[in-house]
Amino acid sequence: TPSDTIPVIHLDEGKRKLANCQWGFIPHWAKNDDFRPINAKAETLAEKPFFRSAFKKTRCLIPASGFYEWKGNKGNKQPWYFRLKNSELFAFAGLWDHWEGQDKKIDSCIIITTNANTVMTPVHHRMPVILDPEQYDNWLVDGDRETLSPYNGEMICYPVSKKVNNPESEGEELIRPL
């Protein structure tokens, strides 16, 4: 859930490094840690001042096995689980940054989103950018914006328990089809 610590892979002196970041982005130059978006639109990363520096310097991969999106009316939204058909693990494109306040230091990250693919469209109009392994260095090293497109591989989605809506919930039942 947002504000949880999640693993990210970023470059450190040209080599991939695994680190933990809080999900909810705080740029290094922010005066405080009050505003923490969890998603950033791929289409505007290079132009938006909030993300511009991280887009140039601190890109990352965010490992995942799946993700949730909700469909329906407020108060009655149904969670759906999305995963790749032929892979148990993949990576989202992301940004990370190191922020220091008066009494705390926070490494934080954000997931980049793009327009939905055909699997995602019935549930939501946007989706996280899922990178194929051969795109990892294109994103990490070069910041190639061409990699920030809707995933075109095979995906599976299905509705899951509304227990997903409770941040205290954990376990396999959260990804089990209804």
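Tutor: Buried means under 20% relative accessible area, exposed over 50%, and partly exposed in between, with a 1.4 Å probe and protein chains only. The model is predicted: local features need pLDDT of at least 70, side-chain atom pairs count only at pLDDT 80 or more, and totals for chains, interfaces and linings use all residues. Residues are numbered from 1 along each chain as its sequence is written, and side-chain values use heavy atoms, with hydrogens and water left out.

Student: How many salt bridges does the structure hold?

Tutor: A salt bridge is a side-chain nitrogen of Lys or Arg within 4 Å of a carboxyl oxygen of Asp or Glu. The structure holds eight. One of them joins Lys-17 to Asp-12 at 3.7 Å, N to O. Asp-12 is partly exposed at 35%, and Lys-17 is partly exposed at 39%.

Student: Which residue forms a salt bridge with Lys-104?

Tutor: The partner is Asp-33, with the closest N and O atoms 2.8 Å apart. Lys-104 lies in the loop between strands E7 (90-100) and E8 (105-115), and Asp-33 in the loop between E2 (15-23) and E3 (39-41), 71 residues apart. Strands here are DSSP runs of at least two residues, numbered from the N terminus. Asp-33 is buried at 13%, whereas Lys-104 is partly exposed at 37%.

Notes. Helix = DSSP H or I, 4+ residues; strand = E, 2+ residues; numbered from the N terminus.
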